Amino acid sequence: MTNDDAYRLPRTVLPRRYELELVVDPDADAFSGTVAIDVTVTEPTDRIVLNALDLAIDAVTVAPRGASAIAARPVTDVEHERVELVLEEPLPPGSARIEAAFSAPFCEDLVGLYRSTFTVAGVEQRLAVTQFESTHARRAFPCFDEPDMKAVFAITLVVPDGMLAVSNAAATTNEPADDDMVRVRFAETMTMSTYLVAVVVGPLATSATRIVSGAATDIPLRVICPPGSEHLSGFALEVADAGIRFYEGYYDLPYPGDKIDLVAIPDFAFGAMENLGCITFREVLLLVDEADVSQPELQRVADVINHELAHMWFGDLVTMGWWNGIWLNEAFATFMEVTASDAFRPQWDAWTGFGLSRAAAFDTDSLPSTRPIEFPVHSPADAEAMFDILTYEKGASVLRMLEQYLGADRFRDGVRAYLAAHRHANTETTDLWDDLESSTGEPIRRIMDAWILQGGHPVISAMPTDSGVTLTQAPATITTGGGAHDAGDAAAVVATWPVPLVVTTTVAGATREDRIVVDGPVDLDLVGAPAAIRLNTRGDGFFRSKLPGSLRAVEAVAERTTALERFVLLDDTWYGLLSGGLGGDDVEEIVRLLAWRETDPSVWRRLAQCIRDLSRLRGATQADRSSQLAIDAATVPLAAVETLLAALGDAEATRWKDLRGVLFGLLGIHGRDAAVRTLAHELVHAAPEQARELPGSDSTLVIAALDVVAATGTAQDHGLLERRWRQATNPQESIRYLYALADTPVESCFDHLLDLTIEEVRSQDAAYVLRRALAHPRLAERAWSFLSEHWGTVVTKVPSSAVVRMLEGIRGVTDPALARRIESFTAEHPLSSGTLVLAQHVERMRINVAAATRLRASSDDTDTAAAAPS
């Protein structure tokens, strides 16, 4: 084999069907099993190569169809995570069966087949669960662990009597086995990849089964969870029921499994996992008390459920050929989650809310160290690196841009053709482009290859002329003028994109729209000088817009704009600040122009984010100015919302309550409003159920009050929040109080919280608490000192995939000395995976430091002469 395919299995032997039996007792230290794999031998061979890692394998035989078994000697290759079965005699082409017995300890690091714990009535309980994506099925049984080596799975679980056993398909028999165990057999699955195999065993409870009226047959739907949480399953069942029916209609294909179980796992490294028929989740993303959450928290649960359900077709039924194509699985599922949630609750305006996720993707994609959405994958570490913001959020944003350019119906029809043509098979990215191209007649491959196969995105600049407007593009890359990627590096990259654009212009009072694809300079003839220009009409394009200052102000006060268009204007202005083309005054101007009339909660979240980040960049010496901006922006809108809420019923008030929560938090934390802080203190110190019942209060306001008290409170307040965390009665409440502990301004309390991350906080949560601590506006240096001192302990505790996510907190650092310490330490302590993402965090930190240095050099923010080029 060449170096490029050292991790790939040969295609001389291909699997068709697995008979897998696992003996799983969560209270034991190890598991065991047997596997029989029916295979097709494509050419004579004296060895068979499978994947296996940390398994003790014995009793291996290989039997050609109709012939005697051939003894096989297993030879392990730990580096490449494989086992080679060396045969005593050659195996002829045709059908054969591989049989093996194996055993292994339960895995650590929340991958493979591992154990999770929870407490019921003060007694610790254990369950066993699998997490096989991307390359971890090989830790549980010998297999052909590559996505294009699909097969049918007939799974049997031998488990302690009284424990629930769940897998991908419905259970068919349950019979006694030896030693107080039972043997549970499951129906055969469809043809699928090994990474989708799922097993859950434990003393778990189930919701009542809900029957979904599917397109082809009724579909049993359940929530499975630790005992005592069944009452939190209702919303998940409602979302999943609606989601299954929505997707069957959108894809024009029936659900490909025979049941769906949504399983809440107390210890889970990721958000959720799309195992066919047995979808696993973090508890906080499945179990919810609708009366005790904010609208964004509720929507987050719906989004994640819809994301995983979307995969049942796009990912499970039709699967990428290799891990370089995982972006399309995840990007499409992200695109579909928003589409499905928007259909489920239109009042959420999910696509505007997605603007925050898209803004984060822009942030990373503007770095010189960005990567193409699709890039070569060789090793398991390469595959793990694909699961980042560029795969999910940028990928989904580009798909949304394409959908809006083609039209939703034409895009959907192309997706239907793709799924129908490739069901039960594997594909390359170009297969989707070709099916969309055939369906629509548009040059999809030419457009999309430029967006998928090169990193970055453009900034489209508009220069008005006497007769119209000239449009040009350039890479929207932000640099610092130093470090690993300086301005020269950026200038050396000549990249262009075919940008599908809907340009709205106003000339002499008349407004028009032009649909064009910009891949070079374009002179748009308007027969007059434009008084207004909107480059990203409806806000769905994945590019930056650059307008002259006067036209930017016109856009900010334009009467007929969508919430997403206003979001885009604000986000593009912030890009201008970071890239050095605009100053703090320019951001302030747009914030003030938008704030006076803005009523959309998602736009206000971006406004609050800009005010917060501008305050951080300006530093403590300009704290009064930053506080005044928050006061000027939010005071009048908050009073108006309070008046409106007093006249509305509950059904009409949801989004207004959400908006009030955003404004309340902004005024309390950054506006330093005494009245808001007093009310926040009263709400937080009341019992949670009493706080929601106070006049004018609701769960969203109570949650906003918690943020205010956490960020401004005393040691006594911090003690209360810690007690609430320990006494939490639902997953959202637990996470809410835990994360709030990281916001304290009290140094001793902050230090105590840091200690908790290695002493008591669950491994799945510790990395994210530390990420929040690293992003603290005043105490980031203490968090970094703690992390660097306890580095070995922390990276051993948290899942390996979460280490680089934890380090995302450094992106907000503005102190040059601390930034140098961080950069030096991370260079000396390389990560096992996620090295490119870490480089992006470091690069983004440098940009923050450079922006802070510019803004602090001039109290009126007008001196931008030292700005880095963009």
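**Figure 1. Arg-400 places its charged end over the ring of Trp-351, 4.0 Å from the ring centre.** Here a charge sits over a ring if NZ of Lys or CZ of Arg is within 6 Å of the ring centre and within 35 degrees of the ring normal. This is a predicted model, in which local features need pLDDT of at least 70 and side-chain atom pairs count only at pLDDT 80 or more, while totals for chains, interfaces and linings use all residues. Residues are numbered from 1 along each chain as its sequence is written, and side-chain values use heavy atoms, with hydrogens and water left out. Trp-351 counts as buried at 9% relative accessibility; buried means under 20% relative accessible area, exposed over 50% and partly exposed in between, with a 1.4 Å probe and protein chains only. Trp-351 also belongs to one aromatic cluster with Phe-314, Phe-332, Phe-335, Phe-354, Phe-411 and Tyr-418.

**Figure 2. Tyr-18 and Phe-153 form a stacked aromatic pair.** A search of the whole structure finds 26 aromatic pairs. Rings of Phe, Tyr and Trp (its six-membered ring) pair if their centres lie within 6.5 Å; planes under 30 degrees apart count as stacked, over 60 as edge-to-face and the rest as tilted. In this pair the centres are 4.5 Å apart, with 10° between the planes. Tyr-18 sits in strand S1 (residues 13-23) and Phe-153 in strand S10 (residues 152-160), so the pair links distant parts of the chain, 135 residues apart. Helices (H or I, at least four residues) and strands (E, at least two) are DSSP runs, numbered from the N terminus. Both Tyr-18 and Phe-153 are buried.

**Figure 3. Phe-335 and Trp-351 make a tilted pair.** Their ring centres are 5.7 Å apart and their planes meet at 50°. Phe-335 lies in helix H3 (residues 326-344) and Trp-351 in helix H4 (residues 350-365), so the pair ties together parts that are 16 residues apart in sequence. Phe-335 is buried, with a relative accessible area of 0%.

Figure 4. Which residues of H27 are buried? They are Leu-818, Ala-819, Ile-822, Phe-825 and Thr-826. The face turned away from the buried side carries the exposed residues Arg-820, Ala-827 and Glu-828.

**Figure 5. Asp-292 is found in the loop between strand S20 (278-282) and helix H2 (295-311).** Is Asp-292 buried or exposed? With a relative accessible area of 7%, Asp-292 is buried. Its side chain makes a polar contact with the side chain of Asn-730, at 3.0 Å. A polar contact is a pair of N or O atoms within 3.5 Å; within protein, one must be able to donate a hydrogen and the other to accept it, and residues adjacent in sequence count only if both atoms are side-chain atoms. Leaving aside neighbours within four places in sequence, Asp-292 is in contact with residues including Glu-297, Arg-692, Glu-733 and Arg-736.

Key: Contact = heavy atoms within 4.5 Å.
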